Amino acid sequence: MEYSLLRAHHPYALSASPVRRKLALFGIMLVLWLYVLYSCVGSCATVPSLRADRRRPEDAGLRSGIGSRLVPQARAWEDYDQTGVGVFSRDLNNVKSDDVTDVRTFPRNVLKGNEAETETERRGGDAGGERRSPVHSGGLSTFSNGSGTKRLPQAIIVGVKKGGTRALLEFLRVHPDVRAAGAEPHFFDRFYDNGLEWYRDLMPKTLDGQITMEKTPSYFVTREAPARIYSMSRSTKLIVVVRDPVTRAISDYTQTLSKRPDIPSFESLTFKNRTTGLIDTSWSAIQIGIYAKHLDNWLQFFPMRQILFVSGERLISDPAGELGRVQDFLGLKRIITDKHFYFNQTKGFPCLKKAEGSSKPHCLGKTKGRTHPNINPAVVQRLRDFYRPFNMKFYQMTGHNFGWD
């Protein structure tokens, strides 16, 4: 009995008991689990963030030539002149688009704030300390901001200048499931270095089921734009409003003439040599209308099923019909119909009976529908002859005859 009591009070009496062994084993497992967890946290902290800004591998690769592993590279297009061989000598990246207003008209403090944030990100963090790291999921990337959510656009009207892009966007705004940026962002041609966060912040807030859109017609002729949009989201839907390239060129010239009355005549800008009739393809008003050349660049990144071509002529003669095609393409219910339009005889194009958020009729501004100057019929015919082979190729590429010849 005494031996048993002594054994019970000995400091090591329980060292061999089953309970003590289980506790020791549990302690060892707990320590090992904590060590593994600590190691995982440490290694995960070193994984690069999926920030959708200028330092993303896709963006950096596209600008530096490293992006060949990320997106397909555009094949070179053989530039043509009247004889089928030639060089386009002027870069179209700085072509101004339909809108009189663009992102440059935003309040200076807004732009400065975004630029400051971009510079802070380049230095490795936000001014507030912790870096934001939004999840990048293409056109559906979101962040909450009060009522509604700002999203990268799922659809973009990428062209063309003086084709009818402003009319199309204004008509689409009538649809309750479409929300669009007001001014032209020019992100993929002028402000790409500002990063996707800056771009997203320009978009309107949307609710679930609504589509975010923007339009910048100069994207269509910007060589880098397809790769950049593909890098943002390869599922982006693209809309191109095209118009008879001869009429489009004259309209383009008319817009410039209204701002700069002292520019040379249309004829003198059209020809390199008036005597020989050689067209100056370096003039942007001419080059924009070579749609097949520009489309070839887009088809290196996006399949034809993701591009809708809207006829600028039919947008005037049958706006409801063209809007029906657009709504189908965007997966929207056909809400915009004939009942939304009336034809304005003075302006010569359709207007909305009720604009977005208004009960009053709405026509596009006075900058739309300008009277074109009289152009020598021989010059117009020469341009038609010049564009004909390009138009034929464009018809073949799109599978649609727009009837410009």
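**Exercise 1.** Which residues form a nonpolar patch on the surface, and what is their accessible area together?

*Solution.* The model is a predicted one.
Step 1. The patch consists of Phe 26, Leu 30, Trp 33, Leu 34 and Leu 37.
Step 2. Together these residues have about 530 Å² of accessible area.
Step 3. Take Leu 30, one of the patch residues. Leu 30 belongs to helix α2, which covers residues 18-44.
Step 4. The relative accessible area of Leu 30 is 40%. Buried means under 20% and exposed means over 50%, so Leu 30 is classed as partly exposed.

**Exercise 2.** Describe the largest nonpolar core and the contacts of Trp 298.

*Solution.*
Step 1. The largest nonpolar core has 39 residues; those touching the most other members are Val 158, Phe 188, Tyr 199, Phe 220, Ile 229, Trp 298 and Phe 394.
Step 2. At least two residues of this core come from each of β3, α6, α7, β7, α11, β10 and α14.
Step 3. Helix α7 gives the most, with 5 residues.
Step 4. Not counting residues up to four places away in sequence, Trp 298 touches Val 158, Tyr 219, Phe 220, Ala 225, Pro 226, Ile 229, Leu 238 and Ile 307.
Step 5. A second, separate core has 26 residues, including Leu 172, Ile 211, Ile 239 and Leu 315.

**Exercise 3.** Decide whether Gln 327 is buried or exposed, and list its contacts.

*Solution.*
Step 1. Gln 327 sits in helix α13, residues 319-329.
Step 2. The relative accessibility of Gln 327 is 0%, so Gln 327 counts as buried.
Step 3. With neighbours within four places in sequence left aside, Gln 327 contacts His 175, Leu 332, Lys 333, Arg 334, Ile 335 and Ile 336.

Technical notes: Residues numbered from 1 in each chain as written. Predicted model: local features only at pLDDT ≥ 70, side-chain atom pairs only at ≥ 80, totals over all residues. Heavy atoms only, no water. Patch = residues over 30% accessible without salt bridge, like charges linked within 9 Å, V, L, I, M, F, W, Y side chains within 5 Å. Areas by Shrake-Rupley, 256 points an atom, 1.4 Å probe, with all protein chains shown as cover. Salt bridge = Lys/Arg side-chain N within 4 Å of Asp/Glu carboxyl O. Helix = DSSP H or I, 4+ residues; strand = E, 2+ residues; numbered from the N terminus. Buried < 20%, exposed > 50% of the residue type's maximum accessible area, 1.4 Å probe, protein only. Core = buried A, V, L, I, M, F, W, Y, C linked by side-chain atoms within 4.5 Å. Contact = heavy atoms within 4.5 Å.
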